[in-house]
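Dear colleague,

Please find the structure below, handed over for your own work. My notes on its charged side-chain pairs follow it.

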Amino acid sequence: MDYAFMTAPCGLDCFNCIYYLAHEDDAAMEEVKKISEQYGTPIDVMLCMGCRAHDGRIPLHQHLFGEDHRCASYECVKGKELEFCGDCDDFPCDYLHPYADMSTELPHNFKVFNLCLIKRMGVDKWAETKSAQVRHDYFNLPWILAKRDEA
């Protein structure tokens, strides 16, 4: 897999997202179907191939926000001819600002952490050894001050 292509410029791990995984994973597809029914959104609109494959125009985002919607961080990175936001002299900027709103449902608050890991480890090593753990911990573990192995 081309991890650089399947990682959004903002640091989201598209290759671990259920909207991508549902193309070939039955369990992910079942989750997408549940969400589709819950929000009344067609499954084909929810499925995604990653923002680079969609040139920053994610079908679900366009469905929700209009056909002209484009991701600001994607457009910024593309305009500056960078691979990731973490490569920018202005990193981190307000395009990556974390917000509490929807933080339990959406992975956007761990973007900056992922970008720092990508810069330190390289995209392939991060993708193969750390990205799934970061996503899992974000959605499943409580915040603690002690080391994880001491908790």
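In this predicted model, D55 and R70 form a salt bridge, with 3.4 Å between the closest N and O atoms. D55 sits in the loop between helix 3 (43-46) and helix 4 (59-65), while R70 belongs to the loop between helix 4 and helix 5 (72-80), so the pair ties together parts that are 15 residues apart in sequence. Both residues fall in the partly exposed class: D55 has a relative accessible area of 31%, and R70 has a relative accessibility of 26%. The two also belong to a network of salt bridges that links D55, R70, E75 and K78.

A further salt bridge joins the side chains of D90 and K80, at 3.2 Å from N to O. This pair links distant parts of the chain, 10 residues apart: K80 is in helix 5, and D90 is in the loop between helix 5 and helix 6 (111-121). D90 is partly exposed, its relative accessible area being 49%; K80 is likewise partly exposed, at 39%.

R135 pairs with D13 in a salt bridge whose closest N and O atoms are 2.6 Å apart. Here, too, distant parts of the chain are linked: R135 lies in helix 8 (residues 131-140) and D13 in the segment before helix 1 (18-21), 122 residues apart. R135 and D13 are both buried.

With kind regards

Methods:
Residues are numbered from 1 along each chain as its sequence is written. This is a predicted model: local features need pLDDT of at least 70, side-chain atom pairs count only at pLDDT 80 or more; totals for chains, interfaces and linings use all residues. Side-chain values use heavy atoms; hydrogens and water are left out. A salt bridge is a side-chain nitrogen of Lys or Arg within 4 Å of a carboxyl oxygen of Asp or Glu. Helices (H or I, at least four residues) and strands (E, at least two) are DSSP runs, numbered from the N terminus. Buried means under 20% relative accessible area, exposed over 50%, partly exposed in between (1.4 Å probe, protein chains only).
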